[in-house]
Amino acid sequence: MKNTVTIKDVAKKAGVSISTVSRVINNSKPVTDEIKKKVLDVIEETGYVPNPLARSLVTKKSQLIGVVVPEVSDSFVNEILNGIEEIARMYNYDILLSNTYSDKNEEMRSINLLRAKQIEGMVMISWDLGKEQVEYIENCGIPTTYISKTARDYDVPTVSVNNEKATYDMTNHLISQGHKKIAFIMTSAGDTRLEKERLDGYKSALAENGIEFNEELVRYGGVDYNSGYESTKDILEKGIVPDAVFVTGDEAAVGAMNAVFDKGYSVPNDISVAGFNDVKIARMYRPKLTTVHQPLYDMGAVAIRMVIKMINGEEIEEKKVELPHRIEERESVIKK
């Protein structure tokens, strides 16, 4: 037998036509049990693997779902991908992953690359989803679910938590532990619905507890370690010593903790620090980080399930899915 077994080889060895082998493989038209067994026995004997592209032309289904991510190494993305991959496998879909390195041009290139691979649907994970990307995907007719801090600005299927309530709950938790002077470091200064919701949650908790909002305690520190470090360092170098620092990203919160240490203070005895997301570093760093737990695995699982429903023409009960969050209390916050 040839090194590469073809459908023609299988048909010849089984004594049937190529179209009969195709019917057995794709279960597209009925064949007798005897013929089916004969073909399957030859496939097992020869180790024949159907050409996925040829098969998709027959079935009109590639069983491929594209996933576009901003940073494949990011802990937030990793945990979402775990949920996406496991549920996709349960429904016999394979994942095609494209890493954009947070570059807008790469996002568009990734979308087109995945389209060329005949994906049936897509999960789009982006730090800063733009109108151009959304409109292009919609015009292409690709069933897509979005996980992005800016996705809620558009009328598209999204998966998230209630960010205003989550931020309110953490701010309120810090206040309940005796902290009144709470610095708030947000992921960015963008005027998106998510940023507004998080700032509103922070302000609401302060107001309900009779604490005046102080703009000097607010910074826009990005999502990574360095930005959290620099934002906290800036606050402390201005002579402002907060009771607590609440950072809306765990890696940036670790940066904040190290800035506190480097400026001669301790966590949590002098300054408490809280994060947002509950990625692995929150549990690995010392002191362990008190944080808002987002169900990242579940977000990925729900997002891919929504895509599969759309592929199958099923109705989506909710277009804007909000999953429950919780406050994960650990060592980085102390009761004053």
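Student: Where does D278 lie?

Tutor: D278 is in the loop between β9 and α12. Helices (H or I, at least four residues) and strands (E, at least two) are DSSP runs, numbered from the N terminus. This is a predicted model, in which local features need pLDDT of at least 70 and side-chain atom pairs count only at pLDDT 80 or more, while totals for chains, interfaces and linings use all residues. Residues are numbered from 1 along each chain as its sequence is written, and side-chain values use heavy atoms, with hydrogens and water left out.

Student: What is phi of D278, and is D278 buried or exposed?

Tutor: Most residues other than glycine have a negative phi, and most peptide bonds are trans. Phi of D278 is positive, near 65 degrees. Buried means under 20% relative accessible area, exposed over 50%, and partly exposed in between (1.4 Å probe, protein chains only). D278 counts as buried because its relative accessibility is 3%. Y101 also has a positive phi, near 55 degrees, but Y101 is exposed, with a relative accessible area of 57%. Its place is the loop between β2 (94–99) and α6 (104–116).

Student: How many residues does the largest nonpolar core have?

Tutor: In soluble globular proteins, nonpolar side chains tend to be buried together. A nonpolar core is a set of buried Ala, Val, Leu, Ile, Met, Phe, Trp, Tyr and Cys residues joined through side-chain atoms within 4.5 Å. The largest core here has 40 residues, and those with the most contacts inside it are L174, Y202, V245, F246 and V273. Elements that each supply at least two residues of this core include α8 (163–176), α9 (193–208) and β9 (272–277). Helix α11 gives the most, six residues. A second, separate core of 27 residues includes V159, A301, I304 and I308.

Student: Which residues does F246 touch?

Tutor: Contact means heavy atoms within 4.5 Å. Leaving out residues up to four places away in sequence, F246 touches residues including M170, L174, F184, F276 and V292.

Student: What span should helix α3 have, and where do its buried residues fall?

Tutor: The expected span is 1.5 Å times one less than the number of residues. For the 14 residues of α3 (residues 33–46) that gives 20 Å, which agrees with the 20 Å between the end C-alpha atoms. The buried residues of α3 are V39, V42, I43 and T46. They fall within an arc of 100 degrees seen down the axis, so they line one face of the helix; the arc is that of the directions from the helix axis to the C-beta atoms. These buried residues pack against α1 (7–14) and α2 (18–26). On the other side, D33, E34, K37, E44 and E45 are exposed.

Student: How does the radius of gyration of the protein read against a compact globule of 336 residues?

Tutor: The radius is taken over C-alpha atoms, and the globule rule is 2.2 Å times the number of residues to the power 0.38. A compact globule of 336 residues would be near 20 Å, but the protein has 26 Å. Its C-alpha atoms fill a box of roughly 85 × 35 × 35 Å along the principal axes.
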